[in-house]
Structures are given as structure tokens and as C-alpha cells.
Number of protein chains: 2
Amino acid sequence: MTDDALVIFTPSGKRGRFPHGTPILTAARQLGVDLDSVCGGRGICSKCQISPGYGEFSKHGVTVHADALTEWNAVEERYKSKRGMLDGRRLGCQAKVMGDVVIDVPPESQVHKQVIRKSATMRDMVMDPATRLLYVEVAEPDMHEPSGDFERLAQALEAQWQVKGVRADLAILRRLQTTLRKGEWSVTVALHKGNHDEAPRILDIWPGFHEGHLYGLAIDLGSTTIAAHLCDLSDGKVLASSGLMNPQIRFGEDLMSRVSYAMMNPGGDVEMTRSVREAINALAASIAAEAGVEATAIYEAVFVCNPVMHHLLLGIDPVELGQAPFALAHSASLSLDARDLDLTNLNRAARVYVLPCIAGHVGADCAAVALSEEPGKSKDMVLIVDVGTNAELLLGNETRVLACSSPTGPAFEGAQISSGQRAAPGAIERVEIDPATKEPRFKVIGSDLWSTDPGFVAATATSGITGICGSGIIEAVAEMRLAGLVDPGGLVGSAEQTGTARMIQEGRVHGYLLHDGSAEGGPRILVTQGDIRAIQLAKSALYAGARLLMDEMGIDNVDRVTLAGAFGAHISPKHAMVLGMIPDAPLDHVTSAGNAAGTGARIALCSVAARNQIEETVHHIHKVETAIEPRFQEHFVNANAIPHATDPFPNLLSIVTLPDVSFNTSGSGGTGGRRRRG
Amino acid sequence: MTDDALVIFTPSGKRGRFPHGTPILTAARQLGVDLDSVCGGRGICSKCQISPGYGEFSKHGVTVHADALTEWNAVEERYKSKRGMLDGRRLGCQAKVMGDVVIDVPPESQVHKQVIRKSATMRDMVMDPATRLLYVEVAEPDMHEPSGDFERLAQALEAQWQVKGVRADLAILRRLQTTLRKGEWSVTVALHKGNHDEAPRILDIWPGFHEGHLYGLAIDLGSTTIAAHLCDLSDGKVLASSGLMNPQIRFGEDLMSRVSYAMMNPGGDVEMTRSVREAINALAASIAAEAGVEATAIYEAVFVCNPVMHHLLLGIDPVELGQAPFALAHSASLSLDARDLDLTNLNRAARVYVLPCIAGHVGADCAAVALSEEPGKSKDMVLIVDVGTNAELLLGNETRVLACSSPTGPAFEGAQISSGQRAAPGAIERVEIDPATKEPRFKVIGSDLWSTDPGFVAATATSGITGICGSGIIEAVAEMRLAGLVDPGGLVGSAEQTGTARMIQEGRVHGYLLHDGSAEGGPRILVTQGDIRAIQLAKSALYAGARLLMDEMGIDNVDRVTLAGAFGAHISPKHAMVLGMIPDAPLDHVTSAGNAAGTGARIALCSVAARNQIEETVHHIHKVETAIEPRFQEHFVNANAIPHATDPFPNLLSIVTLPDVSFNTSGSGGTGGRRRRG
């Protein structure tokens with residue numbers, strides 16, 4: 001036995017014996033316990049706060065006495081009085097071992113802290129940020145040992161932080177000498193540890209101890225919408241989330257029309273690249289302003305996007321993605337300087353990470369969904385549907401994962417819909433139609449009230465009722481089907497066929513008047529026959545993709561369905577099933593994962609381990625190409641109808657009744673007609 | 001025994017047995033024999049030419065029969081008829097082993113070919129270029145194995161050239177898909193193998209087989225002169241050499257005045273950085289034009305320079321170099337993109353390598369001299385003096401090497417001299433003065449004739465006689481000393497003291513009329529008392545630096561002296577000794593190495609192994625700081641006089657007679673006066 005004291009760390013359970021007088025931080029480092037420190041134990045940063053436990057720990061077989069640590073000292077007192085510190089906490093660099101002790105490392109003192117899921121859109125993850133602040137004390141120059149200031153900084157980083165072979169670009173070298181001298185030979189660096197074989201790199205440098213935060217942007221670059229989260233790189237906290245329309249919409253609403261634009265217009269790809277980069281710069285500025293931070297404090301950005309957006313972001317002509325064999329220019333992940341992408345609103349040295357693509361039609365956004373939802377770790381057979389202008393689908397379990405993409409078009413995002421709009425205050429997002437009276441009620445974004453509730457008018461006075469968004473149109477069409485206003489073929493009934501004056505004739509077809517605000521100068525919001533057709537096309541594509549994956553997997557049923565996408569969280573599972581967007585499944589097994597691609601981007605932003613994981617995972621995802629698969633067309637055509645009562649949807653039919661109607665114009669009208677799907 | 005044939009390669013001596021039908025190139029690769037190939041054995045590039053030997057090789061114990069190789073084939077015939085090929089040569093990829101054979105690999109077929117010293121300024125070196133052309137055949141995209149075009153290119157480079165983990169920047173990715181398709185899935189890449197832990201990187205890409213040359217610039221960036229060699233990166237051949245004045249001269253003639261300019265003028269360092277980069281761009285364009293190549297075919301540039309120029313090139317404020325402890329911002333070698341230095345006239349992807357600095361006053365130029373002259377491999381104690389506005393000195397042998405720099409000022413480069421000019425046609429570069437008649441004769445750059453030779457006037461008619469360059473002023477002053485026109489203290493005698501009317505009175509001092517062109521409208525070229533003083537200061541600094549190193553080494557004599565520098569090749573050893581520029585040494589042991597720094601730059605340009613070598617070597621060179629060493633001042637003061645007969649210079653006095661004169665103004669004039677140095 002030695003005279004050394006036993007130190008046990010929780011929650012890791014790591015333990016070891018240390019001489020009296022060893023700082024807790026030193027003990028933690030020697031044992032490989034994850035205890036944060038920016039200043040390296042100099043009592044400056046207070047990141048190494050720990051909670052010593054006292055008394056009997058029968059589990060660990062030790063008794064901790066009151067004098068197991070050195071006394072509370074002046075450094076701790078100064079920090080506590082100036083900044084506050086929870087009672088019972090000590091600074092790991094100040095408290096020294098004097099006897100056996102049990103030390104709890106609270107989550108906020110861990111570099112690799114676990115971020116607990118707080119909502120459906122937040123996945124548990126372990127922090128492993130690429131960029132961290134490190135404080136170092138650098139040796140002064142010595143004429144007799146003439147090394148450069150940078151070389152001495154690199155030596156200090158290696159000795160004090162075990163960071164080997166660090167690099168810095170010329171912009172850092174230019175500021176190095178004044179910064180070192182201003183900080184009297186101590187500096188704080190923002191160090192990017194590098195992906196894979198990249199050398200670690202100094203992104204920024206400050207004199208002395210710098211108490212700032214480093215931020216990152218997780219960007220889901222969709223065909224229609226660009227969504228971003230601004231995160232704190234130390235704890236993964238989302239400070240602000242924001243989005244804007246992808247300005248490339250003016251070059252084409254869906255991906256293939258943008259590829260066509262690039263093909264038909266010399267320089268068209270360059271134009272689209274410029275416009276999306278400008279939008280990202282604007283988004284970076286606005287999201288930083290919203291969070292009240294400087295955009296120059298953004299040191300990392302992670303992008304997820306489909307292959308066409310991926311190429312257009314990188315400045316690569318997407319023409320090859322428009323024709324078989326849909327060859328990507330670059331499929332692996334990419335680590336770039338933000339300035340390579342002209343993202344000049346971020347910090348000048350900011351790094352960009354782009355997730356890997358899976359295939360020519362299955363992009364980094366799908367990889368991000370796989371990272372977020374981890375189908376390859378599921379015991380159930382799960383179908384993940386990331387709804388967007390281009391939908392990504394993943395089907396699999398721990399044995400095998402398949403992926404495909406499906407060109408749904410922008411209807412689900414409210415585009416190509418007569419009264420459609422993007423999800424914003426004033427947009428109808430929820431719809432119910434009384435099957436008896438055929439009267440609707442709805443909710444608009446910005447208010448929790450139904451349109452029939454008292455106070456609704458006042459609650460929506462500011463935004464007005466401006467249109468209908470993606471989730472709203474899905475519910476409206478499904479509710480029309482449930483109320484017998486639309487037949488399985490998608491035909492809208494007339495007023496006389498349905499018995500409600502809300503059916504408005506438009507030429508030879510009909511529409512359903514959801515809301516008439518014209519008296520107050522607002523819009524009339526009608527669900528038109530054209531809207532139904534657009535939704536039918538979109539949902540058929542989605543369903544056909546799912547069926548194709550199921551064929552490939554050799555299954556007829558899935559255990560679970562996860563709806564994802566920027567607005568996936570807002571789709572009602574029941575309505576999605578009524579519409580036939582997704583395969584039949586028990587309703588309580590159909591869940592929403594919110595913006596899973598965005599979540600995947602956020603996970604990759606906060607964790608280098610996660611980047612490594614998804615880079616490995618994509619090699620094991622088998623991609624099914626919809627564009628050249630004849631069965632896709634077949635499934636697509638077959639899926640055009642909206643389910644009716646005799647279709648094989650046992651789970652669906654257990655929860656709803658599908659009216660048996662047919663409105664084909666040559667028919668007699670009214671109920672009773674039947675059409676079989678062919 | 002096997003049926004395999006024995007293949008012996010010369011000059012390497014490597015041997016092995018191979019099945020009949022094995023191409024010679026394949027055999028060479030398996031044995032690690034250095035046999036070049038750009039096309040990888042596809043009969044396209046013809047780089048793998050070899051010379052089979054036939055008959056009895058008793059040394060190797062084999063007899064080579066006429067049918068030892070497969071017959072001359074159509075590929076070889078086509079190449080020979082189109083491009084020509086020496087008789088007896090075969091293409092290594094076409095000729096296959098059919099019996100025991102001895103294969104000679106001629107130097108031009110070796111990647112690591114030895115470049116033999118052709119002149120004093122050309123050192124033997126082994127080629128090991130960082131950037132090479134490689135031809136690859138890339139797999140076509142396959143929808144069922146969806147990898148990116150870049151990933152398949154990377155796989156091809158690994159499979160066909162053992163290049164792992166290759167990278168390319170976005171500019172290459174942008175061109176990749178069209179290039180691959182244009183080349184029908186074969187391309188040639190310019191591949192930079194990376195320094196140290198850098199990943200190999202594609203600098204350029206062409207469809208199919210590209211038969212171009214890759215060029216590099218070796219740049220000696222001096223305080224006064226910027227000199228460059230344009231080299232072919234495959235064989236090290238110098239296609240053109242050119243130089244221009246460093247435009248920073250307008251900010252200060254010597255290094256310390258430029259540091260002062262940066263200190264006194266906010267933004268002054270930025271201004272100096274811009275001016276030198278612009279000059280380098282101009283030089284790159286002009287040297288490429290001179291060689292008849294495109295400047296965009298320049299893929300690498302190597303820089304050697306003193307620490308102040310190093311910092312100003314990199315855009316780092318040199319202020320710290322102006323004061324003790326003379327801390328460099330960065331002392332190690334640097335690998336950069338040329339565009340980081342705004343060197344936009346080179347290829348857009350060109351790489352820059354900057355040699356390491358040794359210390360705050362001993363720069364990458366000194367490292368380059370060490371690389372070129374290799375004092376650390378010398379058995380003799382050698383003093384290497386790199387003469388320039390700032391002189392670098394190296395003293396040592398295989399046991400120990402010391403270095404220092406000495407601020408000689410620009411006098412040796414013709415600046416600060418009344419009729420001084422840089423070395424260019426029309427400049428007086430050689431001077432002799434008859435000790436009896438005191439009459440001079442001289443040579444000017446551009447003609448081999450002495451001024452007293454018939455035809456001299458005609459030969460110099462174009463350039464005229466415009467001034468005197470560095471080597472000319474050194475010879476002039478030394479010859480004046482030998483002719484008794486200058487005394488050991490540096491005083492110039494009057495006409496009556498010296499007995500020649502060439503002595504011209506100027507105020508209270510005198511000058512020597514070397515040439516009077518005023519009758520033809522040309523200049524009067526006078527060596528003034530001021531010129532003598534400037535040369536005395538410069539040579540004292542040089543000598544004091546050498547003495548300081550000798551003190552540190554504990555020696556009084558050196559075995560050899562090597563004069564280097566942009567104009568070091570032009571300095572007459574005898575005159576340098578008469579002047580007291582260098583320590584006394586046997587005259588035949590004083591040699592010129594030409595522009596050793598420039599040679600070192602060229603070696604580093606052509607060889608990654610040499611870069612690694614000098615990076616290691618600089619750590620073993622011990623630097624002596626002149627600026628704070630009191631003994632340097634002491635030596636400097638003591639060295640001010642020009643040697644006279646009683647000084648301890650046995651080697652010097654064995655070859656010349658030093659007139660015993662004194663011209664101090666209060667003296668009697670004429671010969672006979674004596675002054676002892678204190």
C-alpha cells in the first residue's frame with residue numbers, strides 16, 4: 001500500500017491513486033477523465049468545476065473525509081464572488097487531493113458532454129466539437145535558441161494540450177507577434193482539430209485568456225428552403241434557428257429544372273451558385289443578429305443538401321446529375337475554408353464541413369437523416385421519409401439499410417398550390433372538415449386557436465389568413481377525402497354531388513372553399529381540383545419510392561414510419577396515411593422526427609466522431625435508383641389514387657372510414673359509384 | 001532453378017527473376033528500379049526508354065542473347081518514326097523479358113536522375129520533384145456503385161500510382177467531370193506529392209495524355225536584387241535566369257532601414273509586401289517569356305531570402321526583427337499556395353515552398369547556402385561568405401557549423417558608390433592598375449577585352465561605359481592599395497603624393513580617375529574617398545563576422561574560403577584578400593560558389609529530399625548573433641584598415657607586395673610614412 005490517496009471519478013467510474021497535493025484536474029487528465037479546461041489549470045477559465053462527495057461511499061468502498069481536498073482558496077473565492085458558482089462546487093485545478101475522495105464531474109464540465117433530447121427535434125448526442133478554445137503560455141524568444149514565435153506556440157500547444165503539428169495560415173501569422181506580446185506570452189487560440197489526416201489548425205488567436213464563445217452553423221440547404229441553426233460549439237445549444245427561401249427558385253422550382261437551367265444557359269450554374277452563396281451569407285448575418293452574436297464568431301458551418309444543391313453550393317456544374325448514370329463530381333465528405341465558398345460573413349478562417357453524398361440522387365441530406373435517425377441501429381424495420389421538393393427515403397434495420405430519393409416536387413412545401421405559401425404566420429396549417437356538415441375549421445400558424453374558437457379573429461388579426469402551407473394542404477385534401485368531397489380517383493365533387501355550397505365550380509371542375517376573407521380584403525382560400533392533382537403527383541412519387549425500397553427489401557409491411565423534413569414535424573400521420581403518402585402502418589408507429597436532416601447537420605457540427613460515423617455509414621447504405629427503375633413508374637401510376645375502403649390498408653381502415661364516393665363527370669353524381677384501382 | 005529469366009538493371013545493380021513475357025517496366029517497378037513513366041506503361045509517354053545490353057557480361061555472370069527481349073513492336077516503331085529514339089533504345093513498357101538480360105536505365109529515363117555539375121554555379125543533385133505528371137485511366141461511373149468521379153480518380157491514382165489520399169481543391173473539382181469525359185475516362189494530372197504530412201494534391205488536370213512540361217521558379221529574394229531561375233521540374237534544367245532590382249529599395253536600401261520604414265509608417269509593411277510581390281509577378285512573367293513558356297505552366301516556386309525579406313514576402317510586419325531578441329514570426333519552412341502570396345502570374349494552383357530560417361538574422365538564404373555548399377559535410381574547416389547587402393557567413397566542418405549574418409550594406413552591390421551601378425552591360429567589373437605607371441585598365445560587362453586592347457571601343461560601343469559594379473569597385477580599391485594610391489588607413493593620396501595626374505582633388509580629399517568618358521558624352525568614373533570609406537565599412541562588417549565565427553569556433557585560420565552571392569562568382573579572391581574582406585587563406589583555397597543561395601533554391605525546387613535535408617540541417621547550425629556581440633564591434637573597428645605589409649597575413653603577403661604608404665593629411669606626403677593599426 002502507498003500513502004497516495006484514492007481518487008474516484010463519477011460518472012465515469014475511473015479511479016487511481018495520486019500523491020497528496022495532486023490537483024483534481026491533473027488526476028483527471030492522467031486517468032483520461034473528461035474534465036474540461038480552457039486555461040490548462042491556471043485558475044482562469046473555471047471550466048473544470050467538480051463536485052466532491054463526502055461521507056460513506058459503500059459502492060466504491062471508500063469514506064471521504066471533510067479534509068479530503070485542500071481548503072477552498074482565494075482563486076476559487078474570487079471566481080465565485082465575481083461570476084457565481086454552485087455551492088459544493090470546487091475548481092478542479094485548485095482543489096488538491098489530501099485523502100481518498102469521490103469526485104463527480106457535472107455534465108457542463110465535460111468536453112464530451114451528452115446533450116439530452118429535449119424535444120422531438122433534438123437528439124441525444126455527445127459533444128465532440130472540432131473547434132475549441134485553448135489557453136497556452138508560450139516561451140519567450142531567446143536569442144541563443146532562435147526559434148520562431150510560431151514554433152514556440154506550437155511547442156506550447158503540444159506540451160500543454162498534446163496538440164501535434166499545428167498549422168496556421170498567413171493571416172494568423174501576421175497577427176501572431178503582436179498578439180503574443182500583448183498577452184505577455186499567453187494567448188488563447190481557437191483550434192480546429194482537423195478531419196481525418198488534416199493537421200490541427202489555429203483559426204483565431206487572442207492575447208491572454210479569451211472568454212468568448214465559438215459558434216457554428218448547421219445548414220440544411222434544401223431546394224426550396226434554406227434552414228439554419230446557430231449553435232454554441234461548446235455545448236451544442238441552439239441559440240437561434242432561421243430559414244429563408246432558396247433564391248435559386250427563380251431558376252427552377254425543382255432540381256431537374258435547375259439542372260436544365262444550367263444546361264440551357266451558359267454560366268447558369270455560376271449564377272445559381274452565386275445566388276445561393278449570397279443567401280447563405282445573408283442568413284448567417286441575420287441568424288447571428290437574431291442570437292445577438294457577431295457573425296465573425298462563427299467558426300464552423302456544416303452543410304447537408306441534396307446532390308444538385310451540393311454541386312451548386314460548391315460551384316460545380318450539376319449537368320451530370322441530370323442524366324444517367326447520375327455521376328457525382330465528388331461523393332465523399334468535404335472540408336473546406338468558408339472563403340472557398342465566398343461565405344465571407346462568417347469568421348475569415350471559418351471551416352466548412354459538407355456531409356458525404358450517398359449517390360447521384362441521394363445526397364448529403366439523406367446522409368444527415370441517417371445520422372440523425374440511425375436506421376442501421378434499429379431492430380424494427382423502419383421507413384424514414386424526409387419530405388421535401390426532393391424526398392429522401394431510407395428503409396432498413398440493423399441488418400441492411402436502403403435509400404432512394406423521389407422527385408415529389410414542391411407541392412408539399414406549398415408551392416404549385418393555388419393558395420399555397422411557405423409555412424409562416426398567417427398560413428393555414430391544420431384543417432378539419434365535419435363529415436356531416438362538410439364545414440371546415442382550421443388553425444393558422446401563429447395561433448393555437450381553431451378558426452371556430454372565440455377570439456380566433458383577434459388572435460390572427462396581425463398576420464391575417466394569407467394562404468395554406470404544406471401540412472395544411474395535406475390535411476385539407478385528406479379531410480376532403482374523409483368528408484366524401486373527393487373521390488378515390490381525386491375528383492372533387494360538385495355542390496350537388498356533395499350537398500354543400502362550399503363546392504365552387506371552376507370551369508368544368510370544382511374546388512372547396514376553405515376560407516373566404518374577401519369581405520375583409522383577404523384572400524379566398526380554395527382547394528382546387530388542380531391542387532388535388534398536384535398533391536396526388538407528389539404523394540404518388542413519395543409512396544412509389546417507399547414501395548420500391550420495400551420491394552428491394554422483399555417486404556410488404558414496415559414496422560415503423562418516421563416522417564421527417566423541414567415541415568415533416570407538422571404533418572399529421574393520420575392525414576398522411578389517408579392521403580396514401582406513406583405505406584399502411586399502425587398509427588402509433590408513425591412518428592415525426594422533425595427536420596431530421598437539419599438535426600443531422602447539427603450533430604455533425606457538434607461532433608467530429610459523428611462525422612467519422614456518417615462517413616463510414618454511407619458506405620453501408622445501399623442506394624436504389626428511382627429514375628431508371630421501371631417499377632418506380634409502375635408504383636407511381638398505381639399510387640395515384642387516394643385510398644378507398646376496399647384497398648388493403650388494415651391499419652388505416654381501423655381508424656377511419658373512407659366514404660365510398662365517385663365523382664367522375666360522366667357518372668350520375670352523388671354517392672354509390674365505385675371505381676377499382678387498376 | 002526456375003524457368004524465369006534473370007533481369008539485371010544498371011547502374012543500380014538491382015536484379016531479379018521474372019516470368020517470360022514480363023515487361024521491363026514491370027520488372028523495374030517490382031525491383032524498385034527508378035524507371036520513369038508518365039503513362040503507366042501504356043506506350044504513350046515514352047519516358048521509360050531503356051538500353052538493353054547484349055553479349056557476355058562477365059561482371060554480372062550472364063550472357064545476353066539477341067532474343068532476350070520480345071521483338072521491336074509497332075508501338076515502338078510509331079514512336080521512333082514520329083519523335084525519334086536513339087538506336088538501341090527500347091520502350092520499357094513494350095519490350096518483354098524472354099531470357100536473361102542486362103538493362104541500362106539512361107539518366108533521362110530516371111525520375112531521380114542525377115544532374116551533373118556543368119559549371120561552378122551548378123551543383124550535382126538528384127531529382128526528386130514534388131510535382132509530376134501522371135496519366136491515369138479512371139473507372140466509368142456505375143449507377144449501382146455510386147461513387148463520385150473524384151473518388152474514382154483517387155482510386156485510380158492509388159491503384160496505378162500508389163498515391164494515397166489525394167486531394168483537389170474546388171477549382172479542380174469544377175473541371176473534373178468535363179475533363180474526364182473529354183478524355184474518355186483517362187486524364188493526366190499534375191500531382192504535388194506534398195511536404196511532410198500534407199496530403200498529395202492535384203494541381204492540374206488534362207483530358208487524356210498530356211505531353212506538357214511542368215516548370216518551377218527558384219527565387220533568391222535579396223534586399224537589393226531578386227534573382228530567379230526557371231527550371232524544368234522533370235530534369236532540373238535551367239531554361240532561363242533573370243533578375244531585377246528589389247523595388248523595396250525605395251523604402252530603404254538596407255534591411256534595417258526597411259524595418260524602420262515599417263515602424264515609422266503605418267501600413268508601410270503592407271506597402272513593401274505589395275511592391276515585392278508585384279515585382280515577383282513581373283519577374284515570373286518576364287522569365288517565362290524569355291524561356292518561351294507560359295507562366296501558367298509554373299507549378300512551384302521556392303523562395304530563399306533573409307529574415308526581413310522573408311517576413312515582408314509573407315506579409316508579416318518585420319518590426320520584431322529590428323530589435324533584440326530578433327524574434328522571427330515563423331522559423332520553419334513554409335508550404336503555401338502561390339495565391340496566398342498574390343503570385344497570380346503563376347499557375348492558379350501553384351505551390352510555394354519557403355526554406356526555413358536559422359535565426360532572426362540568419363535567414364532562409366543562409367539555409368540555402370548551407371544546402372548548396374554543405375559545410376557540414378566538409379572535412380576541412382570552411383568559411384562560406386555569401387556577399388550581399390546583408391552577408392551570410394557559415395563556418396564549419398562535419399563536426400560543427402556556425403552561422404551569422406553581417407550588415408555589409410549595399411556598397412558591394414554597387415550602391416552607395418559614386419559611380420556605382422548594378423552588374424549590367426556597360427559596368428566596369430575588372431580593374432588593374434599598373435604599380436609603376438599608376439595607369440588603369442579595365443573590363444566592362446558584355447566584353448572580354450581589356451580597355452587597353454585593340455577593338456575595345458568598338459566592342460563596348462553599344463553598352464557604353466556607364467559605371468562600376470560591385471566586383472569592379474572591390475578590384476579598383478584593392479588595385480589602388482597595391483599601386484600605393486591608398487594607404488592602409490584608407491586615405492587616397494594626392495597627385496603629388498602618388499606622382500600621377502589621375503588623382504583628382506575633391507574638396508579636401510582625393511579620388512582616382514578610372515575612366516573619363518566626358519569627351520564622348522559619357523561619365524567620368526572616379527573612385528572617390530567616399531567610395532573607399534563605403535567599401536571599408538562593408539568589408540569590415542564582413543571580416544568582423546568571419547572573425548566572430550572563428551572566435552566562437554576557437555580557431556585563427558580557416559582551411560578554405562568560399563565566396564558566394566549573386567555576384568560572389570565575380571569577386572577576385574586575390575582582391576578580396578588584399579582588401580581584407582576575408583581572412584587570410586591560401587589563395588588557391590579561396591574559391592567562388594557563384595550564387596550559392598540561388599543554387600540552394602534550385603536544389604530545393606527540384607528535390608523534396610533536399611527540402612527534408614535542409615529542414616533537418618538548420619537545427620544543427622549554431623547561430624551567432626552579431627548585433628549584440630561586443631566582440632563584433634571590436635572586430636569591426638579593428639578591421640577598418642586595409643592590410644599593410646606588417647599585418648599577419650602570411651598567405652596574402654606571399655603573393656602580393658603591399659606598398660608602405662601613408663597619406664594622412666598632416667603628414668609630409670609621399671612614401672615612407674608608417675602607421676600601425678591600434
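A residue is called buried here if 20 or more other C-beta atoms lie within 10 Å of its own, exposed if 12 or fewer do, and partly exposed in between. By that criterion, B:Pro307, B:Val308, B:Met309, B:His310, B:His311, B:Leu312, B:Leu313 and B:Leu314 in helix 7 of chain B are buried. Because this makes 8 of the 8 residues of helix 7 (residues 307-314), the helix is largely enclosed by the rest of the structure. Just after helix 7 of chain B comes B:Gly315, whose phi is positive at about 85°. The model in which these features are found is a predicted one.

Chain A is divided into domain 1 (5-109), domain 2 (130-207), domain 3 (217-366), domain 4 (373-410 + 534-653) and domain 5 (424-485 + 492-525). Between the C-alpha centres of domain 1 of chain A and domain 5 of chain A the distance is 61 Å.

In the contact itself, 36 residues from chain A meet 36 residues from chain B. On the side of chain A that touches chain B, helix 3 (149-161) and helix 4 (170-182) of chain A each supply at least two residues. Helix 4 of chain A gives the largest share of that side, with 5 residues.

In chain A it is an open sheet of 3 strands, in the order 24-23-25 and with mixed pairing. Its edge strands are strand 24 (440-444) and strand 25 (467-468) of chain A, each of which pairs on one side only. Strand 23 (residues 427-433) of chain A is joined to strand 25 of chain A in the parallel sense over 2 bridges, and A:Ala427 stands opposite A:Gly467 in strand 25 of chain A. Across strand 23 and strand 25 of chain A lies helix 10 (residues 470-482) of chain A, which runs at about 15° to strand 23 of chain A.

In chain B, strand 23 (residues 427-433) has 6 of its 7 residues buried, so it is largely enclosed by the rest of the structure. Strand 23 of chain B runs parallel to strand 25 (residues 467-468) of chain B, to which 2 bridges join it, and in strand 25 of chain B the bridge partner of B:Ile428 is B:Ile468. With strand 24 (residues 440-444) of chain B the pairing is antiparallel, through 5 bridges, and there B:Phe442 is the bridge partner of B:Val431. The hairpin of strand 23 and strand 24 of chain B has 6 residues between the strands, and in it B:Lys438 takes a positive phi near 65°.

Some further backbone details call for care. Most residues other than glycine have a negative phi, and most peptide bonds are trans. Phi of B:Trp185, however, is positive, near 70°; B:Trp185 sits in the loop between helix 4 (170-182) and strand 12 (186-192) of chain B, and because 19 C-beta neighbours lie inside 10 Å, B:Trp185 counts as partly exposed. Phi of B:Asp342 is likewise positive, near 60°, and the place of B:Asp342 is in the loop between strand 18 (334-337) and strand 19 (351-354) of chain B. B:Asp342 has 14 C-beta neighbours inside 10 Å and therefore counts as partly exposed.

In chain A, a cis peptide bond with omega of about 5° joins A:Thr10 and A:Pro11, where A:Pro11 belongs to the loop between strand 1 (5-10) and strand 2 (15-18) of chain A. The peptide bond from A:Ala324 to A:Pro325 is also cis, with omega near 5°, and A:Pro325 is placed in the loop between helix 7 (307-314) and strand 18 (334-337) of chain A.

Finally, B:Gly55 lies in strand 4 (residues 55-57) of chain B, and because B:Gly55 has 10 C-beta neighbours inside 10 Å, this residue counts as exposed. Residues up to four places away in sequence aside, B:Gly55 touches B:Thr63 and B:Val64.

Definitions and conventions:
Residues are numbered from 1 along each chain as its sequence is written. Chains are lettered from A and ligands numbered from 1 in the order in which they are written. This is a predicted model: local features need pLDDT of at least 70, side-chain atom pairs count only at pLDDT 80 or more; totals for chains, interfaces and linings use all residues. Two residues are in contact if their C-beta atoms, placed from the backbone, lie within 7 Å. Helices (H or I, at least four residues) and strands (E, at least two) are DSSP runs, numbered from the N terminus. Domain bounds come from an automatic or database domain assignment. Two strands pair if DSSP finds at least two bridges between them. Axes are lines fitted to C-alpha atoms, for helices over the stretch in contact, and angles run from 0 to 180 degrees between N-to-C directions.
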